[in-house]
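Please read the following points with the model open beside them. They cover a sheet and the helices packed by it.

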Amino acid sequence: MISTFKSAALAALLGLTATQSFAQEVTLRFQHFVSPKSANPKYFIEPWAEKVERESNGRIKVEIYPFMQLGGKAPSQYDLIRDGAIDGGWVIPGYQPGRFPEAEAMEMPFMVTKSAEDASRAAWVFTQKHLMDDFRDVHVIAAHMHGPGIVHKKGQSIAAVEDFKGLKLRGPSRPATLLLKKLGATPIGMPVPAFPEALSKGVVDGGVITWEMSPSLKLNELTDSHTDVAGDKSLYNLYFIWAMNKAKYQSLPDDLKAVIDANSGMFASAWAGRAHDTGDVDGKGLMQADGNEIATLSQAETARITTLGDEVIADWIADITRKGLDGAQLIEDARAAVAETRSDRAATN
């Protein structure tokens with residue numbers, strides 16, 4: 001009886017110890033490359049971290065580091081996550097041209113609507129079909145798009161295709177720079193953090209980026225005009241993932257994995273896109289309040305740019321097909337994902 005009692009007590013003690021170990025706090029360090037006041041960190045990344053902490057009853061602590069404070073450059077973010085230098089972060093695959101070519105299908109001219117939330121739902125559908133193998137070295141939490149790309153420049157706004165000729169414009173991705181070149185501009189690829197300095201030093205005359213990023217980059221001071229295209233489709237867009245180190249994710253106990261999982265996928269992707277929609281309203285309002293020129297191209301000029309955008313897509317299909325991928329199918333699937341996830345709101349944006 002005594003021996004049995006001792007055995008039961010030891011088992012209970014071991015069980016208690018195991019439970020205490022199981023419940024120990026986990027700290028996850030995520031980083032991004034922009035101001036914490038910009039839309040995605042403000043309306044998605046920080047609230048996402050708070051939600052994960054709350055739903056784990058404090059067992060997961062998520063630390064968010066802006067401006068690449070944990071080290072590295074924005075284009076190296078995917079590798080930092082893969083290698084475990086950071087536990088997770090915000091990635092623009094297009095910052096490494098040619099590495100994730102299938103993702104570029106979502107970034108083609110006039111591919112997605114001006115609703116970032118709808119575009120992000122489409123991004124998640126497309127990611128599940130084509131990109132999970134590309135991103136197999138990390139744990140993908142969300143895939144999303146930003147809002148419509150706007151042309152921000154010094155001087156008067158763009159009124160016709162001819163106005164692009166000779167302009168040195170910052171481009172964020174290969175599809176965007178291909179379109180700028182078709183328009184007659186000189187595209188200069190650079191990540192977001194480099195854009196304000198390039199403007200202030202005259203390296204570029206302007207660039208394409210969203211409304212929501214404008215205030216944090218001081219585009220109200222560094223540029224004079226902001227031009228969108230007519231219609232409900234974006235001039236260009238950018239594809240992002242919110243991802244986590246795979247080994248770190250797999251090391252979590254099942255109940256904490258479940259917390260991450262509950263804040264992943266379509267839900268998180270749409271949330272990230274919605275953050276950009278909110279930020280676009282804020283950013284455009286601030287540009288207007290500072291007296292900058294806000295312009296929209298005519299339907300006729302937008303149609304001319306759309307034709308050039310179709311040429312970019314055709315060139316891209318030919319190029320990527322030569323590399324062994326089915327470019328036409330990728331574009332078809334991207335368009336299908338956009339159609340599948342498009343809401344009535346997008347049709348009237």
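**Sheet and helix packing**

1. Five strands form an open sheet in the order β2-β1-β3-β10-β4, with mixed pairing. Strands (E, at least two residues) and helices (H or I, at least four) are DSSP runs numbered from the N terminus, and two strands pair if DSSP finds at least two bridges between them. At the edges lie β2 (60-65) and β4 (138-145), each pairing on one side only. From one strand to the next, the twist averages 20 degrees.

2. The model is predicted: local features need pLDDT of at least 70 and side-chain atom pairs count only at pLDDT 80 or more, while totals for chains, interfaces and linings use all residues. Residues are numbered from 1 along each chain as its sequence is written, and side-chain values use heavy atoms, leaving out hydrogens and water.

3. Strands β3 (residues 88-91) and β10 (residues 239-245) run antiparallel and are joined by four bridges. Opposite G89 stands A243 in β10.

4. Helix α4 (residues 116-130) packs on the sheet and touches β4 and β10; contact means heavy atoms within 4.5 Å. The direction of α4 makes about 140 degrees with that of β4. Axes are lines fitted to C-alpha atoms, for helices over the stretch in contact, and angles run from 0 to 180 degrees between N-to-C directions.

5. Helix α10 (residues 265-289) packs with α4 at an angle of about 150 degrees, their axes 7 Å apart. That makes α4 roughly antiparallel to α10 (angles over 145 degrees count as such).

6. Residues of α4 in this contact include W124 and V125, and those of α10 include M266 and H276.

Terms used:
Angles under 35 degrees count as roughly parallel, over 145 as roughly antiparallel, 65 to 115 as roughly perpendicular and the rest as oblique.
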